[in-house]
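Open the model in your viewer and keep the sequence beside it. We will go from stop to stop, selecting a few residues each time.

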Amino acid sequence: MRLLPLLAATLLAGCSAYQLGGPKPAFSRLEVLPVRNATARPGLQAVFQEKLVEDLGRDPRIQLGTGGAKLDVEVVTYRRDGLTTKSTDAYSYSSYRVTIVARCTLTTAGGQKVLFKDRNFTSVATLQLAGDSAAEERSLAPGLLSDLAAQIREAATTAW
């Protein structure tokens, strides 16, 4: 019975350093530079910029704006690969693997300190065609870009 209070005190002491949102990042302000698009797929950068700002804005440890770290993002790959299930349907695909790759650089101290440079983040989804293939493919992009934004936020706000 004497061990119970000792165990409780040990657990409480161990949790005293816990901070909501995780460890403090290496910066308190983050500027998200305009997203660039090096692919032939138009319009990705506007949606991606919105997803990045939305996702990073939810982190209570940082504020978005100028005067701090800078996040430079470029969409470098948009690929749609046909998936087959039989050897006879090589020219008639009903599903595709869609891949988006973003390359990011994160700097602080006016660009003097590089936290990561040209780091690739990848998001992949399967597209099943049932009707309007162009509309179905467009509806897939926001989810892929949200996944990329979450990966970038996690990498950017991890303690350095």
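Select strand β4, residues 69–83, together with β5. The two run antiparallel, and 13 bridges join them. This is a predicted model, so keep an eye on confidence as you go.

Now zoom in on R80. Opposite this residue, in β5, stands V98. R80 lies over the face of Y96, at 4.3 Å from the ring centre.

Next, colour all of β5, residues 95–108. Is this strand enclosed or open? Twelve of its 14 residues are buried, so β5 is largely enclosed by the rest of the structure. In a regular strand, side chains alternate between the two faces of the sheet.

Move on to strand β6, residues 113–128. β5 and β6 are also joined by 13 bridges, and they run antiparallel. Find the hairpin that links them: four residues lie between the strands. Stop at A109 there, which takes a positive phi near 55 degrees. Then pick A102 and look across to β6, where F121 stands opposite.

How many aromatic pairs does a search of the whole structure find? One. The ring centres of F116 and F121 are 6.0 Å apart and the planes meet at 65 degrees; over 60 counts as edge-to-face, so that is what this pair is. Both residues are buried. Now show R119. Its charged end sits over the ring of F116, 5.4 Å from the centre.

Time for the interior. In soluble globular proteins, nonpolar side chains tend to be buried together. Here the largest nonpolar core has 34 residues. Select F27, L30, F48, L52, L71, V73 and L106, which touch the most other members. Where do the core residues come from? β1 (29–32), α2 (44–57), β4, β5, β6 and α3 (133–157) each supply at least two. The largest share, nine residues, comes from α3.

Centre the view on F48. Leaving out residues up to four places away in sequence, F48 touches V35, V73, V75, A102, L145, L148, A149 and I152.

Last stop: colour by pLDDT. The protein chain averages 84, and 79% of the residues score at least 70. Confidence is highest in strand β2, residues 36–37, at 97. It is lowest in helix α1, residues 3–15, at a mean of 58. Where pLDDT is low, the predicted coordinates should not be read in detail.

How values were computed
Residues are numbered from 1 along each chain as its sequence is written. This is a predicted model: local features need pLDDT of at least 70, side-chain atom pairs count only at pLDDT 80 or more; totals for chains, interfaces and linings use all residues. Side-chain values use heavy atoms; hydrogens and water are left out. Rings of Phe, Tyr and Trp (its six-membered ring) pair if their centres lie within 6.5 Å; planes under 30 degrees apart count as stacked, over 60 as edge-to-face and the rest as tilted. Buried means under 20% relative accessible area, exposed over 50%, partly exposed in between (1.4 Å probe, protein chains only). A charge sits over a ring if NZ of Lys or CZ of Arg is within 6 Å of the ring centre and within 35 degrees of the ring normal. Two strands pair if DSSP finds at least two bridges between them. A nonpolar core is a set of buried Ala, Val, Leu, Ile, Met, Phe, Trp, Tyr and Cys residues joined through side-chain atoms within 4.5 Å. Contact means heavy atoms within 4.5 Å. pLDDT is the predictor's confidence in each residue, from 0 to 100.
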